[in-house]
Structures are given as structure tokens and as C-alpha cells.
Amino acid sequence: MLPTIIVTLVVLWQLVLVGYTYTLAGNAADEAVRAATAADRGARQGACQEAGRDKLPGAWEGGAGVDCGTGGGYVTADVRIEVPILFPGTVSFPYTVHGHAGAVEEEDD
């Protein structure tokens, strides 16, 4: 019975890590697009990438990718984060979580 309980706990822990990674990806995309809309047009990409990685814990930051785009009056941010296996900061799962956010461009007065 003990092996069944341990396997169940390991699977539940891995599901928690997947869910937390989705939360981190969504929050990072929100932060990135918020910073990009407030930055000047020439500095948007840098501000977006910096803000997208800023709030990520170190274990998730290494494999993260942040891409920003502007078009049609909108600024978008896409964040990709690899899911860690059991212990954040060690091996990553071959599964990538995606976060996406968008906002309307701010106009200069």
C-alpha cells in the first residue's frame, strides 16, 4: 500500500508544478505587456522581456522565453516556460507552458 501512496503523492506534486507553471506564465505575460505598453516604441521589446522575466522564480527563469509584438493598435506578449520535474531547478519536463496577454497601445499626448 505504501508504494501506491508514494506514487500518488508524486503524481499530485507534479500536477501542482504544472498548474503553478501555468500561473507563472500568465502572470509573466501580463507583466510583460503592461511594461511594453508604458515604454517608448523603441524600448518596448527590451522592457517587455525584462518585465516578463522579472517576476519568475530562478528555477523557471532559465528556460523561459518572452516575445512581444505590436500591431493594429495592440501590444501582445507571449511567454513560454518549461515545466520542471519534481524539483524546480533540476530537470525540465519536455512540456512547455504558454502564456499570452495583450493590451491596447498607449498614445502619446
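# Welcome to this predicted model

Let's start with Asp67, which counts as partly exposed at 37% relative accessibility (buried means under 20% relative accessible area, exposed over 50%, and partly exposed in between, with a 1.4 Å probe and protein chains only). This is a predicted model, in which local features need pLDDT of at least 70 and side-chain atom pairs count only at pLDDT 80 or more, while totals for chains, interfaces and linings use all residues. Residues are numbered from 1 along each chain as its sequence is written, and side-chain values use heavy atoms, with hydrogens and water left out.

**Salt bridges**

- The whole structure holds three salt bridges, each a side-chain nitrogen of Lys or Arg within 4 Å of a carboxyl oxygen of Asp or Glu.
- Asp67 forms one of them with Arg80, with 2.7 Å between the closest N and O atoms. This pair links distant parts of the chain, since Asp67 sits in strand S1 and Arg80 in strand S2, 13 residues apart. Arg80 is partly exposed, with a relative accessible area of 31%.
- Arg44 pairs with Glu105, their closest N and O atoms being 2.6 Å apart.
- Glu31 joins Arg34, with the closest N and O atoms 3.2 Å apart. Because they are three residues apart in helix H1, about one helical turn separates Glu31 and Arg34. Glu31 is partly exposed at 23% relative accessibility.

**Strands and their pairing**

- Helices (H or I, at least four residues) and strands (E, at least two) are DSSP runs, numbered from the N terminus.
- Strands S1 (residues 65-71) and S2 (residues 74-84) run antiparallel and are joined by seven bridges; two strands pair if DSSP finds at least two bridges between them.
- Cys68 has Ala77 in S2 as its bridge partner.
- The hairpin of S1 and S2 has two residues between the strands, and Gly72 there takes a positive phi near 65°.

**The end of strand S3**

- Ala103 belongs to strand S3 (residues 92-104) and is partly exposed, with a relative accessible area of 23%.
- Beyond its neighbours within four places in sequence, Ala103 is in contact (heavy atoms within 4.5 Å) with Val33, Thr37, Gly73, Tyr74 and Val75.
- Val104 also has its place in S3, and at 56% relative accessibility Val104 counts as exposed.
- Val104 and Thr37 are 67 residues apart in sequence, yet their C-alpha atoms are 7.4 Å apart.

**The nonpolar core**

- A nonpolar core is a set of buried Ala, Val, Leu, Ile, Met, Phe, Trp, Tyr and Cys residues joined through side-chain atoms within 4.5 Å.
- The largest one has 22 residues, and Cys48, Leu56, Val66, Ala77, Val79 and Ile81 have the most contacts inside it. H1, S1, S2 and S3 each supply at least two residues of this core, and the largest share, nine residues, comes from H1.
- Setting aside neighbours within four places in sequence, Val66 touches residues including Ala32, Cys48 and Val79.

- Ile6 is found in helix H1 (residues 2-38) and is partly exposed at 45% relative accessibility.
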